[in-house]
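Visitor: I am new to this structure and would like a close look at a single part of it. Could you take me through the sheet, strand by strand, and then through the pocket?

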Amino acid sequence: MLVLSRKKNESIVINNDITIVVVEIRGDKVRLGVEAPKEVPVHRREVYDAIKRNENGQSEADASANVDSE
């Protein structure tokens, strides 16, 4: 893992087309802004995990349905 120090209004660039900006620092919370192409999905980790759980659950349900129909 790369660890960087940034101050308010400073940014990092990923792969030439994704920019992460430190928008605000308040106590133990940091607000980040993400600029990315529309085709690049950007999610909070807990949302990403929920999406993956739903995808895995759907895949298992599809596989089970295929077994039941045979």
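Guide: What follows is a walk through the sheet and then the pocket. Please keep in mind that this is a predicted model. The sheet is an open one, made of 3 strands in the order 1-2-3 with antiparallel pairing, and its edge strands are strand 1, residues 11–14, and strand 3, residues 29–35, each of which pairs on one side only. On average, neighbouring strands of this sheet are turned by 25° against each other, with direction ignored. In general, strands of a sheet pair through backbone hydrogen bonds, either parallel or antiparallel.

Strand 1 and strand 2 are paired in the antiparallel sense over 4 bridges, and among the residues involved is I14, whose bridge partner in strand 2 is I18. The hairpin of these two strands has 3 residues between the strands, and in this hairpin N15 takes a positive phi near 55°. Strand 2, which covers residues 18–26, also pairs with strand 3, again in the antiparallel sense and over 7 bridges, and here V22 has L32 of strand 3 as its bridge partner.

Turning to the pocket, the largest one has a volume of about 230 Å³, and the residues that line the largest pocket are I12, I14, I20, V30, L32, V34 and R44. Strand 1 and strand 3 each supply at least two residues of this lining, while strand 3 gives the most, with 3 residues.

Notes
Residues numbered from 1 in each chain as written. Predicted model: local features only at pLDDT ≥ 70, side-chain atom pairs only at ≥ 80, totals over all residues. Heavy atoms only, no water. Pairing = 2+ DSSP bridges. Axes fitted to C-alpha atoms, helices over the stretch in contact; angles between N-to-C directions. 1 Å grid on protein atoms, 1.4 Å probe; cavity = no way out; pocket = protein on both sides within 12 Å on 5 of 7 lines; lining within 4 Å. Points joined across faces, edges and corners; volume = space filled by probe spheres on them.
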